[in-house]
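Me: I'd like a close look at a single part of this one, please. Take your time and walk me through it.

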Amino acid sequence: METKAPSFLGTGWSFPPTFSRSTGGVMMASGELDIRESLWVLLSTSLGERTMLPNYGCELRQMVFRGVNTTLTRQIQDYVQQAILYWEPRIVVDAVTVQKDASVDGLLSITVSYVVTQTNSRSNLVYPFYLQEGSIPVTGP
């Protein structure tokens with residue numbers, strides 16, 4: 001038997017937007033999945049990117065190409081917490097941690113630990129943030 005997501009947590013378009021071939025409609029996300037996808041969209045959107053909501057988003061893209069130090073990680077934590085405080089009222093953030101990924105040069109992992117207020121369930125989201133653009137490694141002749 002399929003379990004239904006609580007309707008009071010909301011329903012929205014899935015991310016990335018996906019369309020059903022059989023119905024021709026948009027695939028939807030509900031409940032805690034909708035919250036996770038909303039967080040992903042929020043952190044991926046720069047301020048001013050949305051014309052009708054110019055204050056929606058997070059200032060993460062300003063941090064690209066900056067050196068990793070304590071100041072940078074603290075700014076990222078503040079930007080993420082502030083964006084979630086303003087734009088995702090269904091959760092309360094427990095912690096935001098920023099760690100340099102040792103396996104990929106220029107990658108920071110932003111972990112958001114949160115509680116869904118209506119259900120008191122805990123969850124987290126790990127958002128990869130690349131400080132450098134992707135490039136093909138140079139090989140010898």
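Which residues of α2 are buried?

Reply: Keep in mind that this is a predicted model. The buried residues of α2 are L72, T73, I76, Q77, Y79, V80, A83 and I84. Looking down the axis of α2, you'd find them within an arc of 165 degrees, so they line one face of the helix. Over on the other side of α2, T70, T71, L85 and Y86 are exposed.

Now for what that buried face meets. The buried residues of α2 pack against α1, β3, β4 and β5. Those three strands make up an open sheet, ordered β3-β4-β5, with antiparallel pairing. Its edge strands are β3 (91–100) and β5 (121–130), each of which pairs on one side only. Neighbouring strands in this sheet are turned by 20 degrees against each other on average, ignoring direction. Helix α1 (residues 31–44) also packs on the sheet, where it touches β3, β4 and β5, and the direction of α1 makes about 30 degrees with that of β5. As for α2 (residues 70–87), this helix lies across β3, β4 and β5 and runs at about 155 degrees to β3.

Methods:
Residues numbered from 1 in each chain as written. Predicted model: local features only at pLDDT ≥ 70, side-chain atom pairs only at ≥ 80, totals over all residues. Heavy atoms only, no water. Pairing = 2+ DSSP bridges. Helix = DSSP H or I, 4+ residues; strand = E, 2+ residues; numbered from the N terminus. Axes fitted to C-alpha atoms, helices over the stretch in contact; angles between N-to-C directions. Contact = heavy atoms within 4.5 Å. Buried < 20%, exposed > 50% of the residue type's maximum accessible area, 1.4 Å probe, protein only. Arc of directions from axis to C-beta.
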